[in-house]
Amino acid sequence: MKSARAIWAAGILMILCLTFQARPTYAASTYSIKVNKQQNVVTIYKWQGDKYKPHKAFVCSAGYATPTGTFSLGEKMRWHTLDGPSYGQYCSRITDGILFHSVWYYENGNKASQSYVQYNKLGTTASHGCVRLTVADCKWIYDNCPSGTPVTIYNDSDPGPLGKPSAIKVNGYQGWDPTDPDPENPYHKMKPEITGVENQNIAYGSKFNIKKGIKVKNSTGYDAKKLLKTKIMYRLDSSSEYKKVKKVNTKKPGRYKVTYSVKDEIKHTAKVTAVYKVLTAVDVSQIVLNKTSKKLYLGSDAEKAQFTLKVKKIKPKKATAKKVTYSSSDKTVATVNKSGVVTAKKAGTAQIIAKATDGSGTTAACSITVIQYATALKLSAPATTLDVGNAMQLKVVFTPTDVTSKKIKYSSNNTAVATVSETGVVRAVSPGTAKITAKAQDGSKVSTSCKIKVCYKFDSVSGGAVSGVSVSAGTQWDSLSNEKLPATVVIADSRGNHETADVAWSSEDYNGDVPGIYKATGAVKLPKGWMGTIPDLTAEITVEDKKKEDPEEELPEDGQDKPDNEKADEAAE
């Protein structure tokens, strides 16, 4: 009976083994190798993130004596003697006498002495216990999986997550492994061959198989038609571009370019292309459309920017294919969809082409003219006021800027005040306010307006000159301004128009009770319909002292204080 210590040690050893197999702890475990002995497939797993993930798969030949279980990859041998004796390249020991190695050679180091018979058994159970691989595959293990890499050999009906690769076959008795990377390998100059591919015409509605009559051989001369792949491109004729399709449709006339390609078991490739032209039974000779020309409008009602182009008639009636495709000569001006709906994009002209799909080349065209309506107008004037007799040029800005027609009709709501010409020149007639309107003449009914005020422009003033005014002390301001200062002046413009204007006089310091010299200012008020600035009038006011009255002469009493002459007169009497 085992001691407790022995049992404990065995348990620790088992845990360590399981840990080693479950997760790599050093560089040797970057890869894990699994060999499905039953299916003769080797799958390489690579540690990524936190687990092994399938990386690549090799076809192999195991043997009935190949052991199952998990092992640790051992020593590496460039060439090694096998049973027979025979010899193998790029040997990696799995366990004991079980190796990964190439299909064996008759002569040590002679790469041209490999057994072709054994090579063609790859993918089947054929070895004495080792795991045989192609040179390329066993060299990959030799170069990338160091000693210590875990190897698991098992049996399962499922070949593995990457499936079972195909094994290439070879002819003869002995020779080179086709996968050997040695530059001297004659297979490097060989490649697959595809035959039976040639351009041809195909009758409309006939049966056609693109792989019928095609033969494919791999680099070693064996049939490889199962590896053949095809790519089909279609175009109606030389004026259209090829587009990828799923099949050659014999009821759709046109050109089908088929590219045949093959990549064989040793990754050598070949490619051949043929063009198959599907013919029509009866060609289309004429296409009659519902419109040969059409105007579309942008910036107005949405329905005016679209219309549907339709085929009214296809001639002859017995034409095989009566469908058409639509295209635009200028997609920036107008586009068309597969149903013939034409949509305006910008102002200009474009041709919408309807083309027969039978390869006859027959077309019909509709000429499209796209008119861009104005969506908004902006009217600008050099000024908002204008003096009588003068003129100014209005300017209109269109939105969008690429409108088709920039014709504008101008109008004035008060021609007695201001008129406007066809080109937008406004001329002032008489004082007042006029609204000038600019209206687009492209059918959009868009308009804009501005108000213009017309006035006489002051140029000169007359009748207000005052040299000086003198008043006696005690004269009040109201009396002075009403009686001594002019109440009106005459103003005129440069063209001789004139009008009386009121003057409002004022003085900041006038005091009629105090003699002295004072200054008066006269502000001229512009009459209605006039504009400009009139300088103030000025006047100098002199307030004089009030004159003293002469005292009355006192007459003397009789006989008193009379002059001597008067006294003499009285005595004479």
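Residues 24 or more positions apart account for 60% of the contacts in the chain that have a separation of 6 or more, a contact being defined by heavy atoms within 4.5 Å. The model is predicted, with local features requiring pLDDT of at least 70 and side-chain atom pairs counted only at pLDDT 80 or more, whereas totals for chains, interfaces and linings use all residues. Residues are numbered from 1 along each chain as its sequence is written, and side-chain values use heavy atoms, with hydrogens and water left out.

The secondary structure of the chain comprises five helices and 43 strands, taken as DSSP runs (H or I of at least four residues for helices, E of at least two for strands) and numbered from the N terminus. The radius of gyration is 59 Å, well over the 25 Å that the globule rule gives for 573 residues, so the chain is more spread out than a compact globule; the radius is taken over C-alpha atoms, and the rule is 2.2 Å times the number of residues to the power 0.38. Along the principal axes, the C-alpha atoms fill a box of roughly 210 × 95 × 45 Å.

Of the 573 residues, 39% count as buried, that is, under 20% relative accessible area with a 1.4 Å probe and protein chains only. When residues up to four places away in sequence are not counted, S115 touches V103, W104, Y106 and Y173, while the side chain of S115 reaches the backbone nitrogen of Q118 at 3.2 Å.

Conventions
Buried < 20%, exposed > 50% of the residue type's maximum accessible area, 1.4 Å probe, protein only. Polar contact = N/O pair within 3.5 Å; in protein donor to acceptor, adjacent residues only side chain to side chain.
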